[in-house]
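Please keep the sequence and the model in view while reading.

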Amino acid sequence: MKLIIAIVSKEDESIVAKELTKGGFFSTRLATKGGFLTKGNTTFLIGTHESKVDKAIDIIKKYSKERKEVCPYPVGSSEIGEFSMNSMHVHEVIVGGATVFVMDVERFEKV
Ligand code: 2BA
């Protein structure tokens, strides 16, 4: 059993949820917010068998569009996390398609 944690843009939430359900997956949606843009996004929790992980990721990938977002920070001086932004002169960042984590599930029960 695996747990897929997938962060998708809010705009893609409905179609991703619909297609996951059509594909036979159970999912839970959480309203979340990115630490960088501080914009709302959606985090899916999908518990599934290991053999179906690739299928779920294919669906998420297919329906999560890449977008350009305007970066709200003054560009050129700050350091955020491990990334030095000293040399960045862009005012836009590319968001997505989706950010996906796959984790082992030690135990799964519906009680
Ligand atoms: P945000 O944190 O709002 O990030 C939005 C976009 O800003 C990122 O797109 C990336 O292009 C840029 N960005 C984020 N942090 C940055 C940094 N420290 N320096 C320079 N640019 C940065 P994505 O990478 O597609 O991420 C979309 C959303 O997925 C993120 O929204 C966050 O909510 C989540 N995410 C991405 N990577 C993650 C990670 N390693 N751990 C946890 N959540 C993550």
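The space taken by the ligand is the largest pocket; a molecule is assigned to a cavity or pocket if more than half of its atoms lie within 2 Å of its grid points. On a 1 Å grid over the protein atoms alone, a pocket is an open set of points with protein on both sides within 12 Å along at least five of seven lines, and lining residues have an atom within 4 Å of a point. The model is a predicted one, in which local features need pLDDT of at least 70 and side-chain atom pairs count only at pLDDT 80 or more, while totals for chains, interfaces and linings use all residues. Residues are numbered from 1 along each chain as its sequence is written, and side-chain values use heavy atoms, with hydrogens and water left out.

The volume of the largest pocket is about 420 Å³, taken as the space filled by probe spheres set on grid points that are joined across faces, edges and corners. Its lining comprises 22 residues, of which Ile-7, Gly-34, Leu-37, Asn-41 and Val-95 are the closest to the centre. Two or more lining residues come from each of strand 1 (2–9), strand 3 (40–48), strand 4 (67–70), strand 7 and strand 8; strands are DSSP runs of E with at least two residues, numbered from the N terminus. By class, the lining has 8 nonpolar, 8 polar and 6 charged residues, with Gly counted among the polar ones.

Around the ligand itself there are 14 residues, and Phe-36, Leu-37, Asn-41, Ile-94 and Gly-96 come nearest; a residue counts as near if one of its heavy atoms lies within 4 Å. This shell divides into 9 nonpolar, 5 polar and no charged residues. Strand 7 (92–95) and strand 8 (98–104) each supply at least two shell residues, and strand 7 gives the largest share, 3 residues.

Which backbone atoms approach oxygen atoms of the ligand? A polar backbone atom of Phe-36 is 2.9 Å from a ligand oxygen, one of Ile-94 is 2.7 Å from a ligand oxygen, and one of Gly-96 is likewise 2.7 Å from a ligand oxygen. The ligand taken alone exposes 750 Å², of which the protein buries 63%, by the Shrake-Rupley method with a 1.4 Å probe.

Two backbone features complete the description. The peptide bond from Gly-96 to Gly-97 is cis, with omega near -10°, and Gly-97 lies in the loop between strand 7 and strand 8.

Technical notes. A polar contact is a pair of N or O atoms within 3.5 Å; within protein, one must be able to donate a hydrogen and the other to accept it, and residues adjacent in sequence count only if both atoms are side-chain atoms. On a 1 Å grid over the protein atoms alone, a cavity is a set of points where a 1.4 Å probe fits but cannot get out, and a pocket is an open set with protein on both sides within 12 Å along at least five of seven lines; lining residues have an atom within 4 Å of a point. Helices (H or I, at least four residues) and strands (E, at least two) are DSSP runs, numbered from the N terminus.
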